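Hi everyone, thanks for making time for this.

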Amino acid sequence: MTLFDLILIAISLSMDAFAVSVCKGLSVGRVRPAHALTCGAWFGGFQALMPTLGYFLGTLFAAAIEAVDHWIAFGLLAVIGVNMLKEAASGDTEGETADLSVKTMFILAVATSIDALAVGISLAMVGQVNIFFAAPLIGLCTCLLSAIGVKVGNVFGSRFEKKAQIAGGVILICMG
């Protein structure tokens, strides 16, 4: 897997967190750096943690399913991508309030990073991926895009939320 492939995966996985961050930006009156840092740290941290967990889970049973692992990787990426497209079409807006409490951010970070767990499993199936490079790249990308999303949401409103989810879903399906 090339660096370009990993960057596309990182950007795709970041889109759910970006969309939630846009909602956070919509709900705060005046955006402060703490708002952007809070969203970036929570979402980026979990987006780095979950593919790492998925990767190690995937390596535990990779040998048992080696003959069909590429189909499983394709299936996981396609399901995640289709799910992102469905969420964009349904208008589901997670995290509409300005609440940045630990409880709220934990729940949102887990919810937006479940797909990263599945991608981690897919990366284990593909092989030849250094998870200690890929996971921080995914986390950093998500951190930056989430921080930007808070500002975008505050300035531009909800115009980009659905487009971000659609782009992320299409990229994941194409990667599969």
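Let's begin on the outside: Leu-3, Ile-7, Ile-11 and Phe-133 make up a nonpolar patch on the surface, and together they have about 320 Å² of accessible area. For a patch, residues need over 30% relative accessible area and no salt bridge; like charges are joined within 9 Å, and nonpolar side chains (Val, Leu, Ile, Met, Phe, Trp, Tyr) within 5 Å. A salt bridge here is a side-chain nitrogen of Lys or Arg within 4 Å of a carboxyl oxygen of Asp or Glu. The areas are Shrake-Rupley values with a 1.4 Å probe, and for residues only the protein chains shown count as cover.

Before I go on, a word on where this comes from: it is a predicted model, in which local features need pLDDT of at least 70 and side-chain atom pairs count only at pLDDT 80 or more, while totals for chains, interfaces and linings use all residues. Residues are numbered from 1 along each chain as its sequence is written, and side-chain values use heavy atoms, with hydrogens and water left out.

Which helix gives the most to that patch? Helix H1, residues 3-27, with 3 residues. Helices are DSSP runs of H or I, at least four residues, and strands are runs of E, at least two, numbered from the N terminus.

H1 has 25 residues and reaches 35 Å from first C-alpha to last, close to the expected 36 Å, where the expected span is 1.5 Å times one less than the number of residues. H1 bends by about 40 degrees at Met-15, the bend being the angle between axes fitted to the seven residues ending there and the seven starting there.

Now H4, residues 102-126: its 25 residues reach 35 Å, close to the 36 Å expected. H4 has a kink of about 40 degrees centred on Ser-113, and is followed by Gly-127, with a positive phi near 75 degrees.

Over in H3, Phe-74 is partly exposed at 36%. Its C-alpha is 10.0 Å from that of Val-119, 45 residues apart along the chain.

Zooming out, the chain has 6 helices and 0 strands, and 48% of its 176 residues count as buried. Happy to take questions!

Note on methods:
Buried means under 20% relative accessible area, exposed over 50%, partly exposed in between (1.4 Å probe, protein chains only).
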